[in-house]
Amino acid sequence: MRALALGARGVGGFSLGGEDEHGIWLLRSPADPTLSRWMKEQGRLPWQSAVRVARSLANGVRTIARGSSDHAATYAATLLALAAGIATASLPPSTITRYRAQLRLEGALALAISQSGVGPDLVMTLEAAAAAGALSVAIVNDVTAPLAK
């Protein structure tokens, strides 16, 4: 599982975005000094890498999120559809935590988005997606959070 720290304000707050020969990129005004230093050196977030991964996945992308992070997941779904032609679907945590669905996600990308990264239902759902064959990625504020492990 890979995590991308996005600072204290979560995945929102992007101030500029675009596309170039490397793919899609997004800029934001970060609150986190580590991210701020990294962005000053790099100039953009590596969303083009995520798009490359998404293009290679025949079974599409499943997002795992709740609340405002689910809104960010909807935005990510729009970006993936526009940039890579990848259909993205939400995977509600209750399908795993409440209903114990047996998923078939071979070749899919499971993208969990959470500000805190500590919700046990999100952790359980991302782990189940990985066990079902998905490549699992978490976007969190704190790379030491359980969801990022």
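The largest nonpolar core of this predicted model has 16 residues, a nonpolar core being a set of buried Ala, Val, Leu, Ile, Met, Phe, Trp, Tyr and Cys residues joined through side-chain atoms within 4.5 Å. Buried denotes under 20% relative accessible area, exposed over 50%, and partly exposed in between (1.4 Å probe, protein chains only). The residues with the most contacts inside this core are Ile64, Leu105, Ala110, Leu126, Ala129 and Leu147. At least two residues of the core come from each of β6 (109-114), α5 (120-131) and β7 (135-140); α5 gives the most, with 4 residues. Helices (H or I, at least four residues) and strands (E, at least two) are DSSP runs, numbered from the N terminus. Apart from this core lies another, of 12 residues, including Ala65, Ala72, Ala84 and Ile113. In soluble globular proteins, nonpolar side chains tend to be buried together.

This is a predicted model, in which local features need pLDDT of at least 70 and side-chain atom pairs count only at pLDDT 80 or more, while totals for chains, interfaces and linings use all residues. Residues are numbered from 1 along each chain as its sequence is written, and side-chain values use heavy atoms, with hydrogens and water left out.

Ala110 is in contact (heavy atoms within 4.5 Å) with Arg62, Ile64, Leu126, Ala129, Ala134, Leu135, Ser136 and Val137, leaving aside its neighbours within four places in sequence.

Within α5, the buried residues are Asp121, Leu122, Val123, Thr125, Leu126 and Ala129. These buried residues pack against β4 (61-64), α4 (94-97), β6 and β7. The end C-alpha atoms of α5 are 16 Å apart, in agreement with the 16 Å that its 12 residues should span at 1.5 Å a residue; the expected span of a helix is 1.5 Å times one less than its number of residues. Gly133, which follows α5, has a positive phi near 105°.

Helix α3 (residues 67-84) has 18 residues, which should span 26 Å at 1.5 Å a residue; its end C-alpha atoms are 25 Å apart, which agrees. Its buried residues are Ser69, Ala72, Ala73, Ala76, Ala77, Leu79, Leu80, Ala83 and Ala84. Viewed down the axis of α3, the buried residues fall within an arc of 165°, so they line one face of the helix; the arc is that of the directions from the helix axis to the C-beta atoms. Ser68, His71 and Leu82 are exposed on the other side of α3.

Arg100 is not a glycine, yet has a positive phi of about 55°. Arg100 is placed in the loop between α4 and β6.
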